[in-house]
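Here is a short report for a reader meeting this structure for the first time. Please look at the sequence and the model before reading on.

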Amino acid sequence: MNTDPIADYLTRIRNAVAAHHRLVEIPASNVKKDITKILYEKGYVLNYKFEDKGPQGIIKIALKYHPVTKMPAINSIARVSTPGLRKYVNASQLPRVLNGLGIAVLSTSHGVISDKEARALKIGGEVICYVS
């Protein structure tokens, strides 16, 4: 039994990037699907696919690397809010990752969105992770 499925999701991506894998498969959930969509929209992953295999389904993520230098698009991905210590921020306290070069993923009343979208909507929420 996994007590923190989002941390498992982030760790699988982090390990696949460290091993220079092209594809990573992760058990699906709605929050993980939303985070995957944000990573794709912001250019951190090449592509993704949701498959309905088994009881909960699978997310297949194609990781993105620079074509010449082979450097990964994701340099770091870190969990912020954990089940034991939740991290909430209001609209005025939204974090800036690498002075705006990275993103923070938040769970808000408007769904799972990036920090830039939360600033535009002037809403806060739970900080799920930082990506740079």
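The report goes from the whole chain to single residues.

## Overall make-up

This is a predicted model. The protein contains 3 helices and 8 strands. Along the sequence, these elements run in the order α-β-α-β-β-β-β-β-β-α-β.

## Size and packing

The protein has 132 residues and a radius of gyration of 15 Å. A compact globule with that number of residues would have a value near 14 Å, so the two agree. Along the principal axes, the C-alpha atoms fill a box of roughly 40 × 40 × 25 Å.

Of the 132 residues, 40% count as buried.

## Surface and charge

The side chains include 19 positive and 10 negative ones. The centres of these two sets are 5 Å apart.

## Thr11 in helix 1

Thr11 belongs to helix 1, which covers residues 5-18. Its relative accessible area is 30%.

The side chain of Thr11 has a polar atom 2.8 Å from the backbone oxygen of Ala7. Thr11 can also be placed relative to Arg79. The two residues are 68 apart in sequence. In space, their C-alpha atoms are 9.0 Å apart.

## Two loop residues with positive phi

Leu98 is not a glycine, yet its phi is positive, at about 50°. Leu98 sits in the loop between strand 5 (88-89) and strand 6 (103-108). Is Leu98 buried or exposed? With a relative accessible area of 55%, Leu98 is over the 50% cut-off, so it counts as exposed.

Lys122 is not a glycine either, and it has a positive phi of about 55°. Where is Lys122 found? Lys122 is in the loop between helix 3 (115-121) and strand 8 (125-131). The relative accessible area of Lys122 is 68%, so this residue too is exposed, by the cut-off of over 50%.

Terms used: Residues are numbered from 1 along each chain as its sequence is written. This is a predicted model: local features need pLDDT of at least 70, side-chain atom pairs count only at pLDDT 80 or more; totals for chains, interfaces and linings use all residues. Side-chain values use heavy atoms; hydrogens and water are left out. Helices (H or I, at least four residues) and strands (E, at least two) are DSSP runs, numbered from the N terminus. The radius of gyration is taken over C-alpha atoms; the globule rule is 2.2 Å times the number of residues to the power 0.38. Buried means under 20% relative accessible area, exposed over 50%, partly exposed in between (1.4 Å probe, protein chains only). Lys and Arg count as positive and Asp and Glu as negative; His and the chain ends are not counted. The place of a charge is taken as NZ of Lys, CZ of Arg, CG of Asp or CD of Glu. A polar contact is a pair of N or O atoms within 3.5 Å; within protein, one must be able to donate a hydrogen and the other to accept it, and residues adjacent in sequence count only if both atoms are side-chain atoms.
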